[in-house]
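Welcome, and take a moment to look over the model before reading on. We will walk through it together, one piece at a time.

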Amino acid sequence: MEVVLQNLTKKFPGRGRKNKEEVVAVDRFNFRIPDGSLIGLLGPSGCGKSTTLHLISGLLGPTDGRIFFGEDDVTELPPENRGIGLVFQNYALYPHLTVKQNILFPLENLKGKDKLSKQEMLEKALETARLVQIDGLMDRKPGELSGGQQQRVAIARALVKRPRVLLLDEPLSNLDARLRLQTREEIRRIQQETGITTIFVTHDQEEAMSISDLIVVMKDGVVQQTGKPQEVYDNPANLFVAKFLGNPQINVFHGEIKGGRLYIGEDAVLDIGDGSDDKEVYVGIRPEGFVLKADGPLFCDLRGVEVMGRDISVVSTNKASLASTVRSIISAENMSDIGGTTVGFAVRPHKVFLFDKETEERIFFKTGAAKCEMGEARE
Ligand code: ADP
Ligand code: MG
């Protein structure tokens, strides 16, 4: 089921004496979610992810804009008539009911032509339990399950009516690291097996990048960038997106364009051709964008080396860096090249991004003949 958000907006009135100002939780969100895809809706806490999901589910009504499921305008439809499945962070299972009863629950409330026989209901519940691999736990109560198992039950309950759209709001946040990894792979598998259009909300960039067909990065209610995870990572539209995606975080420096060269402090780190006006910029360099090179052009003060196995993380400082340390990821084979108090780097041009100091929007530049490719930037 294709889902289209058209100018979707939600404003909340300001509450309390101190904050009278209304909150624009979602600001003119336009997006077309392709049928059968998994969308990662990503951004820091408070950026409007849950509100967006609640608007799509119908639990909240928009202040402005429209929502379409395929050809249907569902904007005015109550949640129960939209054909959605919802999963929240805290499972929200009925504690006094067994797993089987929890999964059956949505089916027992079907009315009229949708009403199912007892036998049909049981078959559907079992089929869905098998899909999420909890069919061996049908007679247990939620209290007798691990967090991961409880979340599978919640997913089964959301899927048992075969929703047109599956909405997941931070479904992995209550799970420990190992289960998070496992369950996110499970969600991807289930989504691909069922082909249900799914919107997955998370504040965890790695989670969103790893399983989504497309990601949507939000900040303060405003969509910053949409695209395939790798494309957004490789071509961030602004400083916020560049910093939000990637672990370790992108390194940001105060820099300057002067006579076609890019400077970090006194070091001329890149030739960027004559087309660029002289000005101060922010320079973002991905940790994997550094190459060890004793004669520079970029020099940093070495602080230490963290062993990661296949790679090492070189920790250094540079006066022009906005963060207290600069992190570069280098192949462990090159470890013997590091020593002394200074470390020299060259940079990989396609891992370097420039941003306007005022707007923090991306500034595109030429390296050699090839112009860096434009990403799908904000409209
Ligand atoms: P997220 O899920 O990304 O953390 P939310 O969608 O929950 O963010 O919230 C977005 C913004 O809207 C926040 O500033 C939040 O305080 C505000 N907000 C959410 N729900 C309400 C509400 N019912 N009343 C007033 N403000 C709200
Ligand atoms: Mg939320």
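Angles under 35 degrees count as roughly parallel, over 145 as roughly antiparallel, 65 to 115 as roughly perpendicular and the rest as oblique. What you see is a predicted model, where local features need pLDDT of at least 70, side-chain atom pairs count only at pLDDT 80 or more, and totals for chains, interfaces and linings use all residues. Residues are numbered from 1 along each chain as its sequence is written, and side-chain values use heavy atoms, leaving out hydrogens and water.

Let us turn to a pair of helices (DSSP runs of H or I, at least four residues, numbered from the N terminus). The axes of helix 4 (residues 147-159) and helix 5 (residues 177-194) come within 11 Å and cross at roughly 20 degrees; such axes are lines fitted to C-alpha atoms over the stretch in contact, with angles running from 0 to 180 degrees between N-to-C directions. Helix 4 and helix 5 are therefore roughly parallel to each other. On the helix 4 side, the contact (heavy atoms within 4.5 Å) is made by Gly148, Arg152, Ile155 and Leu159, and helix 5 contributes Leu179, Gln182, Glu186, Ile187 and Ile190.

Now for helix 1. Helix 1 spans residues 49-57 and is mostly covered, with 7 of its 9 residues buried, meaning under 20% relative accessible area with a 1.4 Å probe and protein chains only. Among the buried residues are Leu53, Leu55 and Ile56. After helix 1 comes Gly58, whose phi is positive, near 95 degrees.

Finally, step back to the whole chain. An automatic or database domain assignment gives domain 1 (3-237) and domain 2 (248-377), and their C-alpha centres lie 38 Å apart.

Technical notes
Chains lettered and ligands numbered in written order. Buried < 20%, exposed > 50% of the residue type's maximum accessible area, 1.4 Å probe, protein only. Helix = DSSP H or I, 4+ residues; strand = E, 2+ residues; numbered from the N terminus.
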